[in-house]
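Colleague: I would like to learn how to read aromatic contacts in a model. Please take me through them one at a time.

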Amino acid sequence: MSLFQILLRLPARTLYLALFATAIGLLGFGLYLQHVKGLEPCPMCVMQRYVFLAVALIALVGGLHGPARTGSRIYAALIGLGALVGGGIAARQTWMQLNPPAIPECGPGLEFMLESFPLGEALPMIFRGAGDCAAVDWTFLGLSIANWSLLSFAATAVFALWMLLRREGPR
């Protein structure tokens, strides 16, 4: 039996716990870049972290629950929704990095926006981004943090789709 066949037969519980561990690892790396390397996250980066945290928590609950077919699909749908939201934010930031504003400006931080404005007004400001959201302060293999985040959310969306469509194996 090949490694791929083994992965296809893993129980939903194991797969959700693996996604949880992966998401927590990504969040941990973001915190490492922030606190050890001194890279301050922009508002869009912080929003992506919140989505990764939400995905991680849903995956943890799914892993601890060990759901049957219907429950597994509910968790997969929630994870997929999170992946689409986070991917949208990461895609917008990637676009901003490829097409930076003519006059870079650093806007207010996420906390200030959420404390000072109602959510309906703060969200458009967050997604508009600021000069700091367009800056590329770190790369790995030629890709920025926003690029890697977009790839991670895309992989999470593929995982969610696979969990939605797979035949249920052992729990």
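Colleague: Is Phe29 buried, partly exposed or exposed?

Modeller: First the basis: this is a predicted model, where local features need pLDDT of at least 70, side-chain atom pairs count only at pLDDT 80 or more, and totals for chains, interfaces and linings use all residues. Residues are numbered from 1 along each chain as its sequence is written, and side-chain values use heavy atoms, with hydrogens and water left out. Buried means under 20% relative accessible area, exposed over 50%, and partly exposed in between (1.4 Å probe, protein chains only). Phe29 has a relative accessible area of 37%, so this residue is partly exposed.

Colleague: How many aromatic pairs are there?

Modeller: Rings of Phe, Tyr and Trp (its six-membered ring) pair if their centres lie within 6.5 Å; planes under 30 degrees apart are stacked, over 60 edge-to-face, the rest tilted. The count here is 5 aromatic pairs. In one of them, Tyr16 and Phe159, the centres are 6.0 Å apart and the planes at 80°, so the pair is edge-to-face.

Colleague: Which helices hold Tyr16 and Phe159?

Modeller: Helices are DSSP runs (H or I, at least four residues), numbered from the N terminus. Tyr16 lies in helix α2 (residues 12-35) and Phe159 in helix α8 (residues 145-165), so the pair ties together parts 143 residues apart in sequence. Both Tyr16 and Phe159 are buried.

Colleague: What are the ring geometry and class for Phe29 and Tyr32?

Modeller: Their centres are 5.9 Å apart and their planes at 25°, so the pair is stacked. Both lie in helix α2, 3 residues apart, about one turn of the helix.

Technical notes: Helix = DSSP H or I, 4+ residues; strand = E, 2+ residues; numbered from the N terminus.
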